[in-house]
Amino acid sequence: MTTIEPPSTHSISALRRPGQLRTLTRACLAFSLLAGFAAALKAQSPPNPQGWTLTWSDEFNGPNGASPDPKKWNFDIGGSGYGNHELESYTNRPVNAHQQDGHLIIAAIKETHTGPDGITQPYTSARILTKGLFSEPYGRFEARMKLPTGKGIWPAFWLLGSNIESDPWPECGEIDIMENIGDPTQIYSTLHGPGYSRDHSIPARFTLPAGEAVNTAFHLYSVEWAPNDIKFFIDDHLITHRTPADLPPGSHWAFDHPFFIILNLATGGDWPGNPDQTTTFPQQMVVDYVRVYKPNNANSSQAKPTQRPLVTAAAPKPLQ
């Protein structure tokens with residue numbers, strides 16, 4: 001049995017005069033037309049960044065309320081905690097992941113839920129992935145998103161080695177393009193592999209420019225990945241540049257094979273801690289699009305010399 005918190009009580013506004021109703025109707029119509037125009041523009045083939053060719057994308061232009069495209073995404077389902085003592089039960093329900101007005105909405109809800117694995121958790125959310133449907137070695141992987149924040153809220157956009165069945169984590173490698181643990185002004189980008197995982201991962205923390213936040217506007221999170229070369233970006237800022245020289249002695253570079261894409265919104269866990277009385281629900285991770293590009297020049301690392309690294313040290317973190 002699933003128990004959902006009752007909705008908040010809303011007051012009823014005073015009746016509007018006919019003129020006010022006409023003004024409101026015109027405003028709603030104008031908003032609908034603008035939304036439709038924006039969706040139509042977004043449905044067109046997106047322009048390629050200079051030096052790149054689009055190879056895969058999801059613009060999330062499906063019908064409102066529809067689940068993510070099953071030809072592009074699978075669901076992880078269950079409440080096992082995923083190695084981090086997380087408190088959500090991941091589902092494939094539209095209430096936890098659906099398309100709306102040209103976006104993907106991943107929602108974390110405070111509700112007691114028992115999944116098909118028999119595990120009961122106090123929150124639900126969604127974790128979608130392209131495993132078995134799309135994976136690629138190298139390229140530019142990007143997502144434009146507006147993130148939720150709050151104590152115990154953990155949105156992530158990341159890549160995992162498609163050889164995970166034969167070479168279990170961390171041997172398969174993990175590229176965390178973007179993670180946030182509640183602070184609206186900071187994100188993390190991290191590498192995990194054999195000999196540099198969990199408490200020994202290779203992280204970088206980025207502080208957004210003054211006046212910007214991850215929860216008040218959309219930002220573009222990306223990685224540019226070439227042989228022996230990985231660069232993390234937010235918007236036009238280079239977060240950090242990683243090569244095998246950054247690895248601990250005796251470890252090897254685990255990023256020379258195809259990886260698949262994961263989007264998820266975790267609740268609680270070892271790294272962010274658990275929600276408290278300050279955390280509001282539901283929380284929404286809003287994804288405008290996910291795109292993958294190949295470089296036009298296969299020998300190019302696609303460096304962006306106009307971008308300067310803006311990096312501070314970060315606390316190590318466990319596997320998502």
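Helices (H or I, at least four residues) and strands (E, at least two) are DSSP runs, numbered from the N terminus, and arginine 198, for example, lies in the loop between S12 and strand S13 (202–207). This is a predicted model, in which local features need pLDDT of at least 70 and side-chain atom pairs count only at pLDDT 80 or more, while totals for chains, interfaces and linings use all residues. Residues are numbered from 1 along each chain as its sequence is written, and side-chain values use heavy atoms, with hydrogens and water left out.

**View 1. The whole protein chain, with one helix and 18 strands.** Of the 320 residues in the protein chain, 49% are buried, where buried means under 20% relative accessible area, exposed means over 50%, and partly exposed lies in between (1.4 Å probe, protein chains only). The protein chain exposes about 14900 Å², of which carbon and sulfur atoms supply 56%; accessible areas come from the Shrake-Rupley method with a 1.4 Å probe, and for residues only the protein chains shown count as cover. Contact means heavy atoms within 4.5 Å, and among contacts in the protein chain between residues at least 6 apart in sequence, 73% join residues at least 24 apart.

**View 2. The salt bridge between glutamate 59 and arginine 291.** A salt bridge is a side-chain nitrogen of Lys or Arg within 4 Å of a carboxyl oxygen of Asp or Glu, and a search of the whole structure finds nine of them. In this one, the side chains of glutamate 59 and arginine 291 meet at 2.8 Å, N to O. The pair links distant parts of the chain, since glutamate 59 sits in the loop between strand S2 (52–58) and strand S3 (74–76) while arginine 291 belongs to strand S18 (residues 283–295), 232 residues apart. Glutamate 59 is buried, with a relative accessible area of 9%, and arginine 291 also counts as buried at 9% relative accessibility.

**View 3. Salt bridges of aspartate 76 with arginine 127 and of aspartate 246 with arginine 242.** The side chains of aspartate 76 and arginine 127 meet at 2.9 Å, N to O. Aspartate 76 lies in strand S3 and arginine 127 in strand S8 (residues 127–129), so this pair ties together parts that are 51 residues apart in sequence. Arginine 127 counts as buried, at 6% relative accessibility. For aspartate 246 and arginine 242, the N to O distance is 3.8 Å; aspartate 246 is partly exposed, with a relative accessible area of 32%, whereas arginine 242 counts as buried at 12%. Elsewhere, salt bridges that share partners join Arg140, Glu142 and Glu224 into one network.

**View 4. The hairpin formed by S5 and S6.** Two strands pair if DSSP finds at least two bridges between them, and here strand S5 (residues 97–100) and strand S6 (residues 103–114) pair in the antiparallel sense over four bridges. One of the residues to look for is alanine 97, whose bridge partner in S6 is isoleucine 106. Two residues lie between the strands of the hairpin, and aspartate 101 in the turn has a positive phi of about 50 degrees.

**View 5. Phenylalanine 281 and the cis peptide bond to proline 282.** Phenylalanine 281 lies in the loop between strand S17 (259–267) and S18, and proline 282 has its place in the loop between S17 and S18 as well. The cis peptide bond that joins phenylalanine 281 and proline 282 has an omega of about 0 degrees. Not counting residues up to four places away in sequence, phenylalanine 281 touches Ala108, Ile109, Lys110, Tyr123, Ile153, Thr267 and Pro275. A cis peptide bond also joins tryptophan 169 and proline 170, with omega about 10 degrees, and proline 170 is found in the loop between strand S10 (153–161) and strand S11 (174–179).

**View 6. Positive phi angles at arginine 198 and asparagine 228.** Most residues other than glycine have a negative phi, and most peptide bonds are trans. Arginine 198 is not a glycine, yet has a positive phi of about 50 degrees, and this residue is partly exposed, with a relative accessible area of 33%. Asparagine 228, likewise not a glycine, has a positive phi of about 60 degrees; asparagine 228 lies in the loop between strand S14 (219–226) and strand S15 (229–234) and counts as partly exposed at 44% relative accessibility.
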